[in-house]
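Here is a short report for a reader new to this structure. Please look over the sequence and the model, then read on.

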Amino acid sequence: MPMSRLWRTKAANDEFLFHSEWTRKIGPLNMIGVAGVISIPLGVFYIIPYAIAHFSGPSTVLAIIAAFVVAVIASLQQVELSCAAPKNCVLYQMSYLRLGELPAFLVGWMTLFDGVALISTIHKVFSNYVNLLFRGVVDRHLRFPVDHLGLLPLAAIEEKYDALAAIGILCSMLILTCSLRVVSVLSVILLTVSSLIIFSCIVVCVFYADPENWVQQGFFKNGLDGLVDGTSTVLVAFAGIEALSHLVEETHKPLSRVPVLLPLIVTIISMFLFISTTIFTLAVDFSKLPTDFLLPEIFNNVRIPSARYVLSVGSVCGLAGTSLGIILPISRLLCSMASDRLVPLLFLSKLSRKGIPCRSVLVICALSCAFVFLNADFLMPLIRFNASFRLLISTFLVFVQRFHPTAIGLEKQTSKYRSFGKRLRVSWDDGLSTTNSFTNGEVSFSSSTNLYNMLCKMESDRFEHSLQKSSEINESSALMFGQKLPADEGTAKRVLTFQNSRIVVRHFPIDPKANPPHIHNCIGSPCSEDDGDPDRFHLYQRDEPELAYFAEYDSNTPSGSDSSDKPTTYRNVVRLFWMFTAFSVTFGLCTRERIIKNQLASIVISAVLLTVILVIVFTFLRFKPNRHLSRPTPVFPFLSFLALFVVCSSLSSLHVIDYAKVSTVVMTGLLVYFSYGFRQQKPAGLTIYNAANAKPEDDDIAESAAIMEYKPDSFLE
């Protein structure tokens with residue numbers, strides 16, 4: 001097989017850009033709730049104590065500031081990618097569109113592994129806090145010794161299997177099979193309870209704050225190396241921001257809300273982490289605590305048992321919400337990879353009636369239960385690597401999007417969907433007016449204008465078809481509203497105009513025992529009718545210019561540079577980008593004296609590398625990026641290079657054994673890909689049966705498949 005197939009890309013055509021099977025139910029408050037319930041409890045109760053105990057000590061407050069700068073830049077880059085292609089799993093989808101199938105698979109595979117590892121780790125941390133709250137009940141009754149049988153090193157296996165963590169995963173699975181609104185509402189409630197409790201404990205610690213604790217601990221516990229390690233660890237706490245990039249397609253108006261909410265949420269989370277870390281480290285000497293301490297235990301030193309109990313309750317509530325929210329993005333990613341036939345589980349691409357990938361959730365939870373056997377300290381370096389790796393790939397995709405000869409993106413806002421269910425009446429008389437009765441439906445329309453145009457076209461087609469049955473008029477003579485129809489054999493002359501028309505939308509109930517039709521939240525080009533499924537169809541179609549919903553970038557639009565120079569410029573940009581990455585990683589290794597043990601030689605080499613890095617940055621100013629219609633990253637490329645430099649420094653902080661673990665995961669993924677994904681000729685195409693496009697001879701099938709029927713009063717009388 002030709003190796004060029006490794007780099008085959010997904011076509012950014014109407015089928016991809018316009019089509020969506022996900023229901024848009026996430027509003028601004030839901031976005032804040034989902035991101036906050038993942039990042040704040042995860043950061044306060046696990047990541048920050050881990051960074052303080054293992055790496056940076058009190059200087060973790062500086063690590064939070066550095067991580068905040070990187071996270072803000074990463075959110076701006078994520079905004080650019082999300083607005084270019086507002087699809088679920090933006091990083092994976094853009095990798096498939098730009099880099100090719102193999103890079104997209106590796107990005108998806110590493111993200112899946114990282115997600116499953118983080119899910120199992122969070123549930124084990126949740127179990128530890130429950131054990132602390134109930135004074136060792138979990139350790140006595142729900143943890144069982146493990147016989148590792150020599151399959152894995154002892155350091156990789158937990159001494160006891162945590163059954164409560166597995167039970168928590170199963171409970172999360174049951175809740176996640178409900179509507180997305182249920183999950184988001186629970187997230188908001190748990191986040192509110194946890195945040196209020198944390199704030200109350202912070203207020204208590206303010207009265208015990210003493211700068212002498214920073215001096216006794218040693219502010220820079222492990223020097224600059226510890227600060228860099230702490231920064232890479234704190235970046236994991238912003239998993240909630242990345243989770244939103246997997247839910248873009250389920251968000252109302254992503255092109256207007258994502259650019260505002262993502263930087264805002266990053267700022268809120270960073271302020272929360274900074275304030276709590278500053279007060280806690282000032283109030284307590286963490287050097288006197290064990291490395292595996294739990295945050296409520298700090299109140300044992302200040303002798304406030306009531307605060308210890310209250311914070312334990314808050315930790316259980318917060319981590320319960322984190323255990324719910326962290327599964328959402330990974331289930332969407334697995335569903336997307338299954339629909340592209342990159343994993344050998346094609347049935348995972350099916351969605352439930354409520355638009356939930358229940359099968360993907362089940363598989364993710366089963367894998368997480370298996371990962372409970374693995375030690376959390378063994379998995380943490382892999383989690384840290386993947387957090388930096390995804391930031392590296394997102395930065396590279398921004399450069400590709402800016403300098404690639406053919407830009408991909410959308411220029412128009414997606415509509416705010418209005419749901420209507422089993423009962424709906426849409427009528428107009430001498431003007432358009434709508435009277436809606438909404439129920440719990442999942443069908444949607446974008447605006448009254450689009451609905452009116454669609455109804456007019458469907459009524460025209462239906463009226464023409466009824467006349468063809470008796471008169472066999474040529475199909476090319478389509479009737480238009482306001483056009484007089486010829487009389488033929490008992491058919492009276494009818495004039496259908498906008499002024500005297502009265503169109504009613506009626507719903508024909510469906511047999512509750514029958515499988516419900518699959519309805520789509522898109523106004524796009526009709527899908528292929530080959531091998532059509534009568535239970536799946538588009539509610540709307542976009543085959544008239546006035547119904548334009550999305551618009552692609554025009555590759556013929558003039559940009560800042562000559563079109564003939566674009567391929568050369570793009571190749572130079574890619575080379576310089578990876579040169580910058582290589583030199584930055586080498587710089588990080590030199591500052592740690594891992595290349596040359598001589599301190600003076602390391603300083604000289606680091607100075608030379610830093611000079612080369614600055615030259616590469618200013619070399620980019622010679623290139624003129626593409627003209628964008630979406631939300632570009634500001635101060636490009638300087639902000640992107642700043643984030644990339646910190647990310648490369650974080651990658652250089654890992655040890656050889658950590659990269660050996662990463663290589664094992666990558667090799668396992670390549671084995672899966674070449675045994676299944678590589679053998680597929682092309683990404684799986686979704687075949688949808690569109691009832692609105694049914695042929696005349698398929699009228700019965702169309703009427704049985706459609707959830708709504710449109711008939712004018714003149715036909716009903």
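## Overview

The chain has 24 helices and 10 strands. The model is a predicted one. The chain has 717 residues, and 56% of them count as buried. Take the contacts with a separation of 6 or more: 81% of them come from residues 24 or more positions apart.

## Helix 3 against helix 21

Two packed helices are described by the angle between their axes and the distance between the axes. Helix 3 covers residues 60-84, and helix 21 covers residues 638-651. Their axes come within 9 Å and cross at roughly 125°. That angle makes helix 3 oblique to helix 21. The crossing of these two helices is left-handed.

Which residues make the contact? Helix 3 brings Val69, Val70, Ile73 and Gln77. Helix 21 brings Leu639, Ser640, Leu642, Ala643, Val646 and Val647. Sorted by class, the contact of helix 3 with helix 21 holds eight nonpolar residues, two polar ones and no charged ones.

Helix 8 spans residues 180-206, and Ser187 is part of it. Is Ser187 buried or exposed? Ser187 is buried, because its relative accessibility is 1% and buried means under 20%. Leaving aside residues up to four places away in sequence, Ser187 touches Gly33, Val34 and Val37.

Helix 8 also packs with helix 12, which runs over residues 254-283. The two axes come within 9 Å and cross at roughly 35°. This crossing is left-handed. On the helix 8 side stand Ser195, Ile198, Phe199, Cys201, Ile202, Cys205 and Val206. They meet Phe272, Ile275, Ser276, Ile279, Phe280 and Ala283 of helix 12. The contact of helix 8 with helix 12 has 11 nonpolar residues, two polar ones and no charged ones.

## An enclosed helix

Helix 4 takes up residues 90-98. How many of its nine residues are buried? Nine of the nine are, so helix 4 is largely enclosed by the rest of the structure. The buried residues are Val90, Leu91, Tyr92, Gln93, Met94, Ser95, Tyr96, Leu97 and Arg98. Just after helix 4 comes Gly100, with a positive phi of about 125°.

## Aromatic rings

A pair of aromatic rings is described by the distance of the centres and the angle of the planes. The whole structure contains 32 aromatic pairs. One of them joins Tyr46 and Tyr50: the ring centres are 5.9 Å apart and the planes stand at 50°, so the pair is tilted. Both tyrosines lie in helix 2, which covers residues 28-56. They are four residues apart, about one turn of the helix. Tyr46 is buried, with a relative accessible area of 11%. Tyr50 is buried too, at 10% relative accessibility.

Elsewhere, one aromatic cluster is formed by Phe396, Phe399, Phe403, Phe577, Trp578, Phe580, Phe620, Phe623, Phe636 and Phe641.

Most residues other than glycine have a negative phi, and most peptide bonds are trans. A few places here depart from that pattern.

Phe636, a member of the aromatic cluster, is joined to Pro637 by a cis peptide bond. Omega there is about 5°. Pro637 sits in the loop between helix 20 (599-619) and helix 21.

Two arginines have a positive phi. Arg303 has a phi near 60°, though this residue is not a glycine. Arg303 lies in the loop between helix 13 (298-301) and helix 14 (305-325). Arg341 has a positive phi of about 60° and is likewise not a glycine. Arg341 belongs to the loop between helix 15 (327-339) and helix 16 (358-371).

How do these arginines stand towards the outside? Arg303 counts as exposed, because its relative accessibility is 76% and exposed means over 50%. Arg341 counts as partly exposed, at 30% relative accessibility.

Conventions:
Residues numbered from 1 in each chain as written. Predicted model: local features only at pLDDT ≥ 70, side-chain atom pairs only at ≥ 80, totals over all residues. Heavy atoms only, no water. Axes fitted to C-alpha atoms, helices over the stretch in contact; angles between N-to-C directions. Parallel < 35°, antiparallel > 145°, perpendicular 65-115°, else oblique. Left-handed = near helix turned anticlockwise from the far one by under 90°. Contact = heavy atoms within 4.5 Å. Nonpolar A, V, L, I, M, F, W, Y, C, P; charged D, E, K, R; others polar. Buried < 20%, exposed > 50% of the residue type's maximum accessible area, 1.4 Å probe, protein only. Phe/Tyr/Trp six-rings, centres within 6.5 Å; stacked < 30°, edge-to-face > 60°.
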